[in-house]
Amino acid sequence: MNENTARTQVVVIGGGYAGVMAANRMTRRAGLAVTLINPRPAFVERIRLHQLVGGNHAAVVDFREVLSDAVRLVVDTVDRIDAPRRTLTLASGDTVAYDHLVYAVGSGSADPGVPGAAEHAYPIAALEEAERLRPVLEEAPAEAPVTVVGAGPTGIETASELAEQGRRVTLVCGGVLGPYLHPRGRRSVAGRLAELGVTVVEGDGAKVTAVTRDAVELADGRRLPSAVTVWTVGFGVPDLAARSGLTTDALGRLLTDETLTSVDDDRIVAAGDSAAPSGMPLRMSCQAAGPLGALAADTVLSRLDGMAPETVGFGFAGQCLSLGRRYGLFQVAAKDDTPKSYYLGGAPAAKLKEFICRATVKQLADEARKPGAYREHKKSKSEGKRRRQELARRAERTGAALPETENQTRNRTEAPAAARS
Ligand SMILES: Cc1cc2nc3c(=O)[nH]c(=O)nc-3n(C[C@H](O)[C@H](O)[C@H](O)COP(=O)(O)OP(=O)(O)OC[C@H]3O[C@@H](n4cnc5c(N)ncnc54)[C@H](O)[C@@H]3O)c2cc1C
């Protein structure tokens, strides 16, 4: 028996913000062999993919910079999880056995569901998609009309990036500009987009009904000429969990309890965009992925130590947008992710955004060098309390039994009367 097979095998599926954080963090425990499976040999800074499209950043970091030397990297794609047998089948045909599994496959572009979009529009939620769009833009004449569909953060950032380079950009909102933003923050973004020359098309009539080779058609009958159409409408998640017979939410995120443990199998935990703790997932974001990755690792380690794992307590700070390279907006939010009326704008917000992008990579590198150093996921106990209150309200409303945390299970076993009151 070699050293690897003698040790407890922990496998992480997905080398994004959540998976790398989890893998690095688990190396702090002796006796664990940690393997990370990812389709690419490099780490993708997804939060810079609009910059890749704009041609000012590669959005890729060498895994050697962010992944601990103690983690074995397998460049492959997991095709199926066999939970009863605790094995994974990879696209290459190899199989990998595990004792504990971290499911961190992230997200990608949602199915557009609009005629012509799959053929003629360019999504940018994954590295390969952004790389496919870049040369198309380079070849398009400078004055060619570019349409960005979707006015969430990715759409706003992409439209700004391209307009700053002198492109003729139309941003089709399909509703309101920046739905997450407070009206004051939204006004600031609209002001900057106007300065950049972006035409913003808002309102219900601005829903895209079809995309053709050279135009975008709207619900109200308008037809906008478009030489290049960029599609940024929402994220979907890989169907690996559902395909493997594990319980997911409606979108396909692995359904877990508040310790991020699968409701089907306590050897499987989930983190990042592909996790749905108690069916109340956090906003898909890099902001949540790191903390969830750290919590998923802590859950595995607690379980190995025979301790009760902690529960989700992470709270959001807000949403930070780049509006080109020189301007930005930091929309401040309450810990429950409700936007507040104040924001930071202009050049200071652009600097803050760049700082955040660097900090997310640095946090992974720090955790690789010093596993256990990361503390962000422990900072907001009030969010944990809010989630528990919301879960209790939901259970009361629907009468549904919700996934329990281990603490709840213990309380129920030890003090049923107190748990009922
Ligand atoms: C243009 C853009 C800008 C963004 N800006 C921000 C921002 O400013 N702030 C913010 O908070 N969020 C932002 N986001 C969202 C953020 O990037 C994601 O929420 C974040 O990457 C989620 O992290 P993750 O680790 O869950 O997944 P990911 O980063 O998506 O990583 C998942 C990894 O798993 C791999 N994988 C998938 N399936 C398999 C499989 N079957 N086998 C093996 N590996 C698999 C994927 O290839 C990928 O490498 C942005 C996204 C985009 C596209």
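Predicted model: local features only at pLDDT ≥ 70, side-chain atom pairs only at ≥ 80, totals over all residues.
**Entry 1: the domains**

I started with how the chain is divided. There is a domain 1, made of 3-107 + 237-311, and a domain 2, made of 117-233. I then looked up the C-alpha centres of domain 1 and domain 2, and they lie 32 Å apart.

Next I checked who touches whom. On the domain 1 side I found 10 residues, in contact with 14 residues of domain 2. Which element gives the most to the side of domain 1 that touches domain 2? My note says α3, with 6 residues. By class, that side of domain 1 divides into 5 nonpolar, 5 polar and no charged residues.

**Entry 2: the parallel sheet**

I went looking for strands and found an open sheet of 5 strands, in the order β5-β2-β1-β9-β21. The pairing in this sheet is parallel. Its edge strands are β5 (71-75) and β21 (268-270), and each pairs on one side only. From one strand to the next, the twist averages 20°.

I picked one pair to follow in detail. Strand β1 (residues 8-13) is joined to β2 by 6 bridges, and the two run parallel. What stands opposite V11 in β2? It is T35.

Helix α2 lies across β1, β2, β5 and β9 (100-103), and it runs at about 165° to β2. Helix α10 lies across β1, β9 and β21, running at about 155° to β21.

Two packed helices are described by the angle between their axes and the distance between the axes. For α2 and α10, the axes come within 7 Å and cross at roughly 35°. Is the crossing of α2 and α10 right-handed or left-handed? I have it down as right-handed.

I also listed some of the residues. From α2, the ones that meet α10 include Y17, A18, M21 and R25. On the α10 side, C286, A289, L292 and V300 are among them. By class, this contact has 13 nonpolar, 3 polar and 1 charged residues.

**Entry 3: the antiparallel pieces**

Back to strands. A second look gave me an open sheet of 3 strands, in the order β15-β16-β17, with antiparallel pairing. β15 (208-211) and β17 (223-225) each have a single partner strand, so one side of each is left without a neighbour in the sheet. Neighbouring strands here are turned by 25° against each other on average, direction ignored. β15 is joined to β16 (residues 215-218) by 3 bridges, and A210 stands opposite E217 in β16.

I also found a hairpin. Strand β6 (residues 78-82) and strand β7 (residues 87-90) pair in the antiparallel sense over 4 bridges. D82 has T87 in β7 as its bridge partner. There are 4 residues between the strands of this hairpin, and R86 takes a positive phi near 55°.

**Entry 4: the ligand**

How many residues surround the ligand? I have 35, and the closest are G14, G16, G106, G272 and S285. By class, the shell has 20 nonpolar, 13 polar and 2 charged residues.

Several elements from my earlier entries come back here. α2 (17-26), β2 (32-38), α3 (49-54), α7 (153-164) and α10 (286-304) each supply at least two residues of the shell.

Where does the ligand lie relative to domain 1 and domain 2? Both domains give residues to the shell around the ligand, so it lies between them.

Conventions
Residues numbered from 1 in each chain as written. Near = placed C-beta within 6 Å. Nonpolar A, V, L, I, M, F, W, Y, C, P; charged D, E, K, R; others polar. Domains from an automatic or database assignment. Pairing = 2+ DSSP bridges. Axes fitted to C-alpha atoms, helices over the stretch in contact; angles between N-to-C directions. Contact = placed C-beta atoms within 7 Å. Left-handed = near helix turned anticlockwise from the far one by under 90°.
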